[in-house]
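Biologist: Please put the model on screen, and then we can go through the sheet, the helices and the rings.

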Amino acid sequence: MRMNKKISVDQEITGLPGVKIGDFWSWAYSDVLSNTVRPLFAEFLVGYALDVIESPRVEWNYIDFCYKGLKIEVKSSGYLQSWNMEKPSLIKFDIAKKIPWDASTNKYGDHEVRSADLYIFCVLTEKNPDNVCVFDLAQWEFYVFRTSDINKHFRDQKSITLSRLQQYSQPIAFEDVKKRVDEMVELL
């Protein structure tokens, strides 16, 4: 059964008296620094900035959000992971073309493409493990990139490093994400 509406953290788990779905979420997703949960948090931040999180996240959909007619893909990376590290990670993003799957139609596309109109690259910038706080928006940078520019500059590359991204785009703070995306809406 697919959930098509958000549920409350207070939703009880039938058969487990006093146990709520929030207990499960706290257990399963508290390691927000991990490279499997941090991208979900980055998607949430972008969705929140654009006010498009009224419905639950759709796993494996070909795009992350629709906003003012634009299809948006969110990518996340960070210098630190939740495990002990010798040195900070290289910031790198997946930009590979893929065969899209549309959750609303349950159909696959015919060929590999970059399905989104815009990519928003989210970087958790803190490099000191003692200071990292995923919930501190001051530790995040965002890069908004048109897919047409990715296609132009990076062609068939499957991934892109932060240093290459920064040759074509400047970082913005969380509070500027919506403004930058709205500017892109006008250009597309």
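Modeller: This is a predicted model, in which local features need pLDDT of at least 70 and side-chain atom pairs count only at pLDDT 80 or more, while totals for chains, interfaces and linings use all residues. Residues are numbered from 1 along each chain as its sequence is written, and side-chain values use heavy atoms, with hydrogens and water left out.

Biologist: In what sense do strand β6 and β7 pair, and over how many bridges?

Modeller: Strands are DSSP runs (E, at least two residues), numbered from the N terminus, as are helices (H or I, at least four). Two strands pair if DSSP finds at least two bridges between them. F121 stands opposite Y143 in β7. Strand β6, residues 118–124, pairs with β7 in the antiparallel sense, over seven bridges.

Biologist: Why is one side of β1 and of β7 left without a neighbour in the sheet?

Modeller: The sheet is open, with four strands in the order β1-β2-β6-β7 and mixed pairing. β1 (65–67) and β7 (140–146) stand at the edges, so one side of each lacks a neighbour, each having a single partner strand.

Biologist: At about what angle does helix α2 run to β2?

Modeller: Axes are lines fitted to C-alpha atoms, for helices over the stretch in contact, and angles run from 0 to 180 degrees between N-to-C directions. Contact means heavy atoms within 4.5 Å. The buried residues of α2 pack against β1, β2, β6, β7 and α5 (177–187). Helix α2 (residues 38–50) lies across β1, β2 (70–78), β6 and β7, and its angle to β2 is about 135°.

Biologist: How far apart are the end C-alpha atoms of α2?

Modeller: The expected span of a helix is 1.5 Å times one less than its number of residues. With 13 residues, α2 should span 18 Å, and this agrees with the distance between its end C-alpha atoms, 18 Å.

Biologist: Is F154 buried or exposed?

Modeller: Buried means under 20% relative accessible area, exposed over 50%, and partly exposed in between (1.4 Å probe, protein chains only). F154 has 2% relative accessibility, so the residue counts as buried.

Biologist: How many aromatic pairs are there?

Modeller: Rings of Phe, Tyr and Trp (its six-membered ring) pair if their centres lie within 6.5 Å; planes under 30 degrees apart count as stacked, over 60 as edge-to-face and the rest as tilted. Ring pairs link F41, F44, Y48, F135, W140, F142 and F174 into a cluster. The number of aromatic pairs by this rule is 13.
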